[in-house]
Amino acid sequence: MFCVLFDMGMAVITFIIGILFYKSNGKAANFLSGYNMRSTEERKKYDEIQMCKDYGKRMMYMAIPFLIGAIIDIRFVGIGCLIAWGLWLILFVFLLIERHKRER
């Protein structure tokens with residue numbers, strides 16, 4: 001039962017953070033690593049509102065593996081949690097790759 005609650009908690013937290021980023025009107029851009037260290041001239045090159053919306057959507061999508069993991073954990077305890085973290089890690093790597101391509 002712990003794994004189900006843990007997966008659901010992670011899904012809720014990830015989804016809420018995604019919503020907060022999406023609705024921040026660009027104010028959450030300071031929480032993005034690397035972006036907060038750029039000079040004001042470099043920051044003017046980016047659309048902060050769209051960037052926060054994109055990252056907010058991505059974070060909301062990252063809640064889906066934890067929902068899937070919770071469903072699997074109901075039947076196979078512990079396996080769903082491992083699958084959820086594995087899927088989340090794959091999504092995170094794709095995020096890093098996309099971000100690296102975008103910054104070139």
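Ala, Val, Leu, Ile, Met, Phe, Trp, Tyr, Cys and Pro count here as nonpolar, Asp, Glu, Lys and Arg as charged, and the others, Gly among them, as polar. By that scheme, the lining of the largest pocket has 15 nonpolar, two polar and two charged residues. This is a predicted model: local features need pLDDT of at least 70, side-chain atom pairs count only at pLDDT 80 or more, and totals for chains, interfaces and linings use all residues. Residues are numbered from 1 along each chain as its sequence is written, and side-chain values use heavy atoms, with hydrogens and water left out.

**Overall build**

- The protein has five helices and zero strands.
- Helices (H or I, at least four residues) and strands (E, at least two) are DSSP runs, numbered from the N terminus.
- Along the sequence, the pattern reads α-α-α-α-α.
- The C-alpha atoms fill a box of roughly 55 × 25 × 15 Å, taken along the principal axes.

**α1 against α3**

- α1 and α3 pack at an angle of about 165°, and their axes are 7 Å apart.
- Axes are lines fitted to C-alpha atoms, for helices over the stretch in contact, and angles run from 0 to 180 degrees between N-to-C directions.
- The angle therefore makes α1 roughly antiparallel to α3.
- Angles under 35 degrees count as roughly parallel, over 145 as roughly antiparallel, 65 to 115 as roughly perpendicular and the rest as oblique.
- This crossing of α1 and α3 is left-handed.
- A crossing is left-handed if the near helix is turned anticlockwise from the far one by less than a right angle, and right-handed if clockwise.
- From α1, T14, F15, I17, G18, I19, F21 and Y22 meet C52, K53, Y55, G56, K57, M59 and M60 in α3.
- The contact of α1 with α3 divides into nine nonpolar, three polar and two charged residues.
- Contact means heavy atoms within 4.5 Å.

**α1 against α5**

- The axes of α1 and α5 come within 9 Å and cross at roughly 25°.
- α1 is therefore roughly parallel to α5.
- The crossing of α1 and α5 is left-handed.
- C3, F6, D7 and M10 in α1 meet G80, C81, A84 and W85 in α5.
- By class, the α1 and α5 contact has six nonpolar residues, one polar and one charged.

**α3 against α5**

- Helix α3 (residues 48-61) packs on helix α5 (residues 79-102) at an angle of about 160°, with axes 11 Å apart.
- That makes α3 roughly antiparallel to α5.
- The crossing of α3 and α5 is right-handed.
- Y55, R58 and Y61 in α3 meet L91, F94, L95, E98, R99 and R102 in α5.
- This contact of α3 with α5 has five nonpolar, no polar and four charged residues.

**The largest pocket**

- Rolling a probe the size of a water molecule over the atoms shows where empty space is left.
- The largest pocket holds about 340 Å³ of space.
- On a 1 Å grid over the protein atoms alone, where a 1.4 Å probe fits, a pocket is an open set of points with protein on both sides within 12 Å along at least five of seven lines, and lining residues have an atom within 4 Å of a point.
- Of its 19 lining residues, M59, M62, W88, F92 and L95 are the closest to its centre.
- α1 (2-22), α3 and α5 each supply at least two residues of this lining.
- The largest share, six residues, comes from α5.

**G78**

- G78 is in the loop between α4 (64-75) and α5.
- G78 and F2 are 76 residues apart in sequence and 8.9 Å apart in space, C-alpha to C-alpha.
- Leaving aside neighbours within four places in sequence, G78 is in contact with C3 and D73.

Methods:
Points joined across faces, edges and corners; volume = space filled by probe spheres on them.
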